[in-house]
Amino acid sequence: MLSLAKTVSDSDNYVMISALQHYAYCPRQCALIHIEKVWDENLYTLRGQRVHAIVDTPGDELIEGVRVERAMPLWSHQLGITGIADVVEFLADGTPYPVEYKSGSRKAKDADSIQLCAQALCLEEMLGCTLSVGAIFHHGSRRRREVRFDAELRSLTLQTIEGTRSLFVAAKLPAPVADSRCKDCSLIDACMPHAIDGFRRAAGGNNPFKVEADL
Ligand code: SF4
C-alpha cells in the first residue's frame, strides 16, 4: 500500500477531496473557502455549477455495456479523505474509471488531476482494486483528457492531502501567490492578492497587516 498512507480514526479530520483541488491551485484559496467560509461567484464558478448540474444527481445507468454511476460517494479511511465522484464508469470487466467534469480548461499545477487521483485512491481502497487511468471531461471543448495515475501523480496527491490537513490544523491564512492564477480566481476581491503582496514586499517580506494571523 502507499507509503504515506495512515488510518485516520477521527471522522471530523477527514479532508474533502474538493479541498485538495483548491489547495493544489492555491493554499490561500483553500483556506479562504474551507476555513474562513468565503465564497464569491464569478464566470468560472457559475459555469462550473451549470456543468455539475448534469452529474450531481445520484443514479446509474447502463450505456453500451458500461455501467455509469453518477454522484458516487467516496472515502478513504487510510488517507482520511472523503467526497463525491461526478461519474464513475465501470468497464465490462468491472474496472472503475472515474471521470471529473470541469467547465474550464486545464488548471495551473494540474489541480484537477490531483483531485481525480484522490478519487482513484478512494476507489482502490473501497473496491480492493488498482486503477491506472481516469479522465477529466472539459465541458467547453466536450473532450476528455485521460489522466494516468502514475507514481509521480500519486506522490503529489499524497503530499497535497498532507498539506491540506496541515493547513486546516494550523488554521492560518497563507500569503497570496499573487501570480497568473489570481486572474481566474473567484476570490480575488476578498483576497486582494496584489495589494497584500505589495505591502509584504514593502515590509521586506514581513507582514505588517498580520495576514498570517490565527483565524
Ligand atoms: S486571488 Fe490569487 S492568492 Fe488569492 S486566493 Fe485566489 S489564487 Fe490565491
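Which of the 14 residues around the ligand come nearest? C26, P176, C182, C185 and C191 do. The legends below describe a predicted model, in which local features need pLDDT of at least 70, side-chain atom pairs count only at pLDDT 80 or more, and totals for chains, interfaces and linings use all residues. Residues are numbered from 1 along each chain as its sequence is written.

**View 1. The shell around the ligand.** The shell holds 14 residues. A residue is near a molecule if its C-beta atom, placed from the backbone, lies within 6 Å of it. Two helices, α2 (27-34) and α6 (188-191), each supply at least two residues of this shell. The largest share, three residues, comes from α2. Helices are DSSP runs (H or I, at least four residues), as are strands (E, at least two), numbered from the N terminus. By class, the shell has eleven nonpolar, one polar and two charged residues. Nonpolar covers Ala, Val, Leu, Ile, Met, Phe, Trp, Tyr, Cys and Pro; charged covers Asp, Glu, Lys and Arg; the others, Gly among them, are polar.

**View 2. Helix α1 against helix α5.** Helix α1 (residues 17-25) packs on helix α5 (residues 151-170) at an angle of about 90°. Their axes are 9 Å apart. The two helices are therefore roughly perpendicular. That term covers 65 to 115 degrees; under 35 is roughly parallel, over 145 roughly antiparallel, and the rest oblique. Axes are lines fitted to C-alpha atoms, for helices over the stretch in contact, and angles run from 0 to 180 degrees between N-to-C directions. From α1, the contact uses A19, L20, Y23 and A24. From α5, it uses T160, I161, G163, T164 and L167. Contact here means C-beta atoms, placed from the backbone, within 7 Å. The contact residues divide into six nonpolar, three polar and no charged.

**View 3. Helix α4 against helix α5.** Helix α4 (residues 111-127) and α5 also pack at about 90°, with axes 9 Å apart. So α4 and α5 are roughly perpendicular to each other. On the α4 side are S113, I114, C117, A118 and L121. On the α5 side are L153, R154, L156, T157, T160 and I161. By class, this contact has seven nonpolar, three polar and one charged residues.

View 4. Most residues other than glycine have a negative phi. A71 has a positive phi of about 50° although it is not a glycine. A71 lies in strand β3 (residues 66-76). With 16 C-beta neighbours inside 10 Å, A71 is partly exposed. The cut-offs are 20 or more other C-beta atoms within 10 Å for buried, 12 or fewer for exposed, and in between for partly exposed, with C-beta atoms placed from the backbone. R142 has a positive phi too, near 60°. R142 sits in the loop between β6 (133-138) and β7 (143-148). R142 is exposed, because 7 other C-beta atoms lie within 10 Å.

**View 5. Surroundings of T82.** T82 is in strand β4 (residues 81-90). T82 counts as partly exposed, with 19 C-beta neighbours inside 10 Å. The C-alpha atoms of T82 and V15 are separated by 6.2 Å, although these residues are 67 residues apart along the chain. Beyond four places in sequence, T82 touches Y14, M16, I17, L74 and W75.

**View 6. Confidence.** The protein averages a pLDDT of 85, and 80% of the residues score at least 70. pLDDT is the predictor's confidence in each residue, from 0 to 100. Over residues 1-6, pLDDT stays under 50, and the model has seven contacts beyond four places in sequence for them. Over residues 208-215, pLDDT also stays under 50, with 17 such contacts.

Terms used
Two residues are in contact if their C-beta atoms, placed from the backbone, lie within 7 Å.
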